[in-house]
Structures are given as structure tokens and as C-alpha cells.
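We'll go from one stop to the next, with a word on what to look for at each.

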Amino acid sequence: MEIVNTDILIVGCGPAGLSAAINTTIRNKKTLIYGGDFCSPKLNKAPHISNYLGFWDITGEELRQKYLEHVRSLGISIEKQRIDNIYPAPGNITVVSKGKMISAKALILAIGLQNPRYLPGEESLLGKGVGYCATCDGPLYKGKRVAVIGYTKEGEEEANFLADLAQEITYLPLYEGLGELKDNIKVVKAKPKSILGKEKLQGLETEGETLELDGLFIIRESVPPAQILPGLQIEKNAIIVDRSMATNIEGIFAAGDCTGAPYQLAKAVGEGTVAGLSAASYVDKLSKLK
Ligand SMILES: Cc1cc2nc3c(=O)[nH]c(=O)nc-3n(C[C@H](O)[C@H](O)[C@H](O)COP(=O)(O)OP(=O)(O)OC[C@H]3O[C@@H](n4cnc5c(N)ncnc54)[C@H](O)[C@@H]3O)c2cc1C
């Protein structure tokens, strides 16, 4: 497996993550950003921004382009990959993504507001047949019946990976424009209604049929923070941070909508700045200790 070392890893490429990245880069810290496909679908959807200082007549998409131009001008590149699991240890935070192991001294969570509209049965069956990362847990389902619900195209990669392992694999795409899937994948174009089972997963009820299953993977644009990083303190759906944007876990900072209301650009960008500067200082402190 390829191992990549960095000073600071930023998870999320919306306004908070990009603002953090600019500041860590200006502070000469090697920075990597991992983000979703589009870098803030929210910003792209904002029809007209009127409360952001200096830009009183701009669309969300225009602002999104300006942010990306700024980041590119500093030579910062964005990996379009979702991060599913973070393994923290002081000074060495590890993340595995698509065959790469990234080791960072500090990490900033800028993953936006997680609004998990769980399917009925999802929370209670999590880890009991229901999961969010097929490439992590897929091998448990070798020779078994598995389904993938893809809220984004990324679900296709997970389904294709499972197609080589599972005995039966069903894919439920919940977006337009289905891509290439392996021949043994059965595609069901129906909305999932509820996940069945008590002690362990038994199946999935869709609008049209009931699938009997041993494993079910749900691939959304984002994963709830407590799933990505067990032990992270969260209250009322917001990651708890102090004024330096530090979380309860050493070396891990958070910024933007994921830390709570108000859900606004200026707050996301401001918190990204603070988190970036705090993470950079933390990395400096670590190197002085050596
Ligand atoms: C329709 C609409 C209009 C709005 N209008 C305004 C306005 O006029 N003024 C204003 O101030 N605010 C407005 N907002 C709010 C503003 O867009 C948000 O406050 C801002 O985008 C928050 O930035 P963020 O970086 O915290 O999160 P986001 O912009 O949500 O970015 C988070 C990023 O993290 C990525 N991500 C999530 N999980 C992972 C993971 N596990 N691995 C990798 N990447 C991940 C996502 O793909 C996303 O790209 C509006 C929002 C909407 C939806």
C-alpha cells in the first residue's frame, strides 16, 4: 500500500476546508485535502449570496469558483475521495483511502452539516450487517448476499468491488446517470423503505420488493462524524470544539457547519482560518518536542 505523509490532512473541501488549507499552506505546512466530488454542493446551490463581506452580489457558484481558483493558485490539490475512517494517535493520525495510507500530524474535519436521514432500522443494525464502507468491511461478506444503496456515483465503485466477493450483489442507485457496473450486479431502481432485522440484518424493503440480505452498504456523500471517528464528542449533531477549534481528540480540529449553527459562509471560512492556524501551531509544537 502506498504511504503518504503530510503535516495536515483536511477532510472536506467546502468553504471551511479550503479556508483552512490556505492558512496551513501559507504557514508552510504540507497540506492535503480530501473532499467530495464537487467541493460544496451547498455553495453551488446558493442562488444569491448577500451577507458575505465584500461580495454583495454574487452567486454561490461564482464564489465556489473563486475559492477553488484561490486554492489552485497556491498549488494545493484536492483528492476527490471520501474518508470513511480516521485512526487517531498523538502526532500520527492515520487515514486509509482507496489503497493509500495517509499519515498526518494533525487533521481538520470540515465535513459540513451532517444531516443523516437514517433509513428506518439503519442505526440499530449498524455494525450488524449494515455498514458505510464496502472496501473496509466487504471481505466479511465473501460468498454472501449483499446490496449497496448508492446516494452518489461512488456507490458504483463499492458495488464493483463487492461483485468479486459476494455471491449475489444488488445495486440501488438513487441518482441519475448510472455508470459501468460489473455484469453480475443486479440493478434495482427503487427507493429503499426500511432495513429489516432485529439482532442482525435480514433484508431491505424497497418500494417494489423485499431483498433478503446478509450485508448492506449505504454510500452517501458523507458519513456521520461519530462513525468516521469513534470517540469524537458531539452534541446535538455538532462536533464540540474549543475556541482554537480543537476537538476532544488530540491533533484533531473541526470547522464550519459541522461544529454547529449558524450555518453560514462567513462562519465556515472564519472557523477554517482558526482551525488551520491552530493545526499549524500544533504541528510546530510537535516538531519542537522531538
Ligand atoms: C441553498 C443554500 C443557500 C445558502 N445560502 C447562503 C447564503 O446566502 N449565505 C451564507 O452565508 N450561507 C449560505 N448557505 C450556507 C453555506 O453554503 C454553508 O454554511 C457553507 O457551505 C458551509 O461550509 P462547510 O465548508 O462547513 O461545509 P460544506 O460546504 O457543506 O462542505 C463540506 C464538504 O465536505 C465534504 N465531505 C463531507 N464528508 C466527507 C468525507 N467523509 N470525506 C471527504 N469529504 C467529505 C462534502 O462533500 C463537502 O464538499 C447556503 C446553503 C444552501 C444549501
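**Stop 1: around the ligand**

Select the ligand and the 35 residues around it: Gly-12, Gly-14, Gly-36, Gly-112 and Gly-256 come nearest (a residue is near a molecule if its C-beta atom, placed from the backbone, lies within 6 Å of it). Keep in mind that this is a predicted model, where local features need pLDDT of at least 70 and side-chain atom pairs count only at pLDDT 80 or more, while totals for chains, interfaces and linings use all residues. Residue numbers start from 1 along each chain as its sequence is written.

Helices here are DSSP runs of H or I with at least four residues, strands are E runs of at least two, and both are numbered from the N terminus.

What is the shell made of, by nonpolar, polar and charged residues? It divides into 19 nonpolar, 11 polar and 5 charged. Ala, Val, Leu, Ile, Met, Phe, Trp, Tyr, Cys and Pro count as nonpolar, Asp, Glu, Lys and Arg as charged, and the others, Gly among them, as polar.

**Stop 2: the two domains**

Next, select 2-115 plus 223-289 for domain 1, and 122-219 for domain 2; these bounds come from an automatic or database domain assignment. Their C-alpha centres lie 29 Å apart. At the join, 6 residues of domain 1 are in contact with 5 residues of domain 2, contact being C-beta atoms, placed from the backbone, within 7 Å. The side of domain 1 that touches domain 2 has 1 nonpolar, 2 polar and 3 charged residues.

**Stop 3: Ala-163**

Zoom in on Ala-163, in helix 6 (residues 154-163). Leaving aside neighbours within four places in sequence, show its contacts: Ile-169, Lys-182, Asn-184 and Ile-185. Then draw a C-alpha to C-alpha distance from Ala-163 to Phe-217: 13 Å in space, for 54 residues in sequence.

**Stop 4: zoom out**

Finally, show the whole chain as a cartoon, with its 8 helices and 17 strands. The C-alpha atoms fill a box of roughly 55 × 50 × 35 Å along the principal axes. Of the 290 residues, 42% count as buried.

Notes:
Two residues are in contact if their C-beta atoms, placed from the backbone, lie within 7 Å. A residue is buried if 20 or more other C-beta atoms lie within 10 Å of its own, exposed if 12 or fewer, and partly exposed in between; C-beta atoms are placed from the backbone.
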